[in-house]
Amino acid sequence: MLEVALENDASDLKSGSITALIGVLSFWYLPPSPTQTKSWFRGKNGWFSEREEVILVNRILRDDPSKGDMHNRQGLSVQMFRDSLADYDMWLLYLLGLLIFIPMTPPSSYLTLTLRQLGFNTFKTNLLVIPANVLLMIQMIVLARVSRRIKERAFTAMLGSLWVFPLLITLIFLPADVNHWGKYAVLVLLLGYPYCHPILVAWNSANSNSVRTRTISASLYNMSVQLGNIVSTQIYRADDAPLYRRGNKILLGINVASIFVFLITKVYYIQRNKWKARRWDAMTVEEKENYLATTTDKGNKRLDFRFFH
């Protein structure tokens with residue numbers, strides 16, 4: 001077990017170093033905006049002509065007018081930061097980020113252990129992990145495309161939790177003398193679940209409806225996911241090895257809680273939209289025009305904004 005842990009640490013160090021290098025290169029390579037692409041390493045003529053820049057800016061603002069609230073070098077004031085943190089309409093999405101990925105994280109280490117028990121060396125173990133990753137990527141892409149096509153976020157993202165539910169039950173009741181290949185098949189299916197992270201990231205961005213909230217919400221959502229990863233490392237304990245039945249029961253409970261939070265989030269945004277619609281529809285045309293011209297409501301608190309769900 002210690003050997004597997006050390007190998008995982010070495011692998012994490014390599015992938016982390018590569019990620020850090022890409023991040024540093026991206027910081028210098030990616031331009032601040034579509035109109036600021038000229039530089040000595042991006043080309044003296046930049047990426048777009050002047051006409052293309054005008055088209056890009058107009059399309060971006062037409063798609064989401066809130067992106068014109070702040071320029072790309074404007075910092076957040078303390079009050080803006082507080083307002084973003086206090087945006088209660090985003091809290092359920094942070095809670096989803098905390099919960100939904102926990103049930104899938106501990107079994108990923110369990111898969112490596114299972115393969116080592118079958119007698120495979122490190123290289124072959126890494127190869128046998130690939131099917132789960134390939135299935136994960138395929139399902140992630142398909143799920144994202146389906147979500148975009150049918151304009152549904154809550155129910156499509158919830159499919160990952162529904163997919164994992166019967167597989168966690170299988171792990172709980174799996175006999176101790178089960179064939180290792182059978183256990184491997186269950187773990188591959190579990191870890192190849194429909195990955196909804198891209199949907200949640202886009203969902204956070206869409207429901208922010210302001211640059212300040214979008215900036216903070218992206219960070220808070222990512223922090224929630226990372227906090228969930230920390231929690232997940234404490235579920236499989238040594239006194240529960242090697243089947244981790246108690247740990248899998250905890251994972252099942254968290255998975256069920258995730259499904260309920262998805263449903264609550266869906267209902268919440270529907271009710272919030274109805275609440276806004278009642279007040280917006282009660283206004284006359286003149287009142288609506290006056291509201292749009294004088295309102296102090298910002299971001300997703302505007303009555304003319306509807307939450308995505």
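User: Let's begin with charges and rings: which ring does the charged end of Lys-301 sit over?
Analyst: That would be the ring of Tyr-88, with the charged end 4.8 Å from the ring centre. The test for sitting over a ring is NZ of Lys or CZ of Arg within 6 Å of the ring centre and within 35 degrees of the ring normal. Lys-266 does this too, over the ring of Phe-155, at 5.0 Å from the centre.

User: And what sort of model is it?
Analyst: It's a predicted model, where local features need pLDDT of at least 70 and side-chain atom pairs count only at pLDDT 80 or more, while totals for chains, interfaces and linings use all residues. Numbering starts from 1 along each chain as its sequence is written, and side-chain values use heavy atoms, with hydrogens and water left out.

User: Back to Lys-301. What joins its side chain to that of Asn-300?
Analyst: A polar contact of 2.8 Å. That term covers a pair of N or O atoms within 3.5 Å; within protein, one must be able to donate a hydrogen and the other to accept it, and residues adjacent in sequence count only if both atoms are side-chain atoms.

User: Where does Asn-300 lie, and is it buried or exposed?
Analyst: Asn-300 lies in the segment after α12 (285-294). Asn-300 counts as buried at 2% relative accessibility; the cut-offs are under 20% relative accessible area for buried, over 50% for exposed, and partly exposed in between, using a 1.4 Å probe and protein chains only. A polar atom of its side chain is also 2.9 Å from the backbone oxygen of Asn-207.

User: What else is Asn-300 in contact with?
Analyst: Beyond neighbours within four places in sequence, its contacts include Asp-87, Asp-89, Lys-276, Phe-305 and Phe-307. Contact here is heavy atoms within 4.5 Å.

User: How are the rings of Phe-305 and Phe-307 arranged?
Analyst: They form an edge-to-face aromatic pair, 5.3 Å centre to centre with 80° between the planes. For pairing, rings of Phe, Tyr and Trp (its six-membered ring) need centres within 6.5 Å; planes under 30 degrees apart are stacked, over 60 edge-to-face, and the rest tilted.

User: How many aromatic pairs does the structure hold?
Analyst: 10. Take Phe-101 and Tyr-195: their ring centres are 5.5 Å apart and the planes at 55°, so this pair is tilted. Phe-101 is in the loop between α4 (91-99) and α5 (105-117), and Tyr-195 in the loop between α8 (180-191) and α9 (197-208), so the pair ties together parts 94 residues apart in sequence. Phe-101 is buried at 7% relative accessible area, whereas Tyr-195 is partly exposed at 23%.

User: Switching topic: what's the secondary structure?
Analyst: The protein has 12 helices and zero strands. Those are DSSP runs numbered from the N terminus: helices are H or I with at least four residues, strands E with at least two.

User: Which residues touch the most other members of the largest nonpolar core?
Analyst: Leu-96, Leu-190, Leu-200, Trp-203 and Phe-262, out of 54 residues. A nonpolar core is a set of buried Ala, Val, Leu, Ile, Met, Phe, Trp, Tyr and Cys residues joined through side-chain atoms within 4.5 Å. α7 (154-173) is among the helices that each supply at least two residues, and α7 gives the most, with eight.

User: What does Leu-190 touch?
Analyst: Not counting residues up to four places away in sequence, Leu-190 touches residues including Pro-103, Met-104, Trp-163 and Leu-167.
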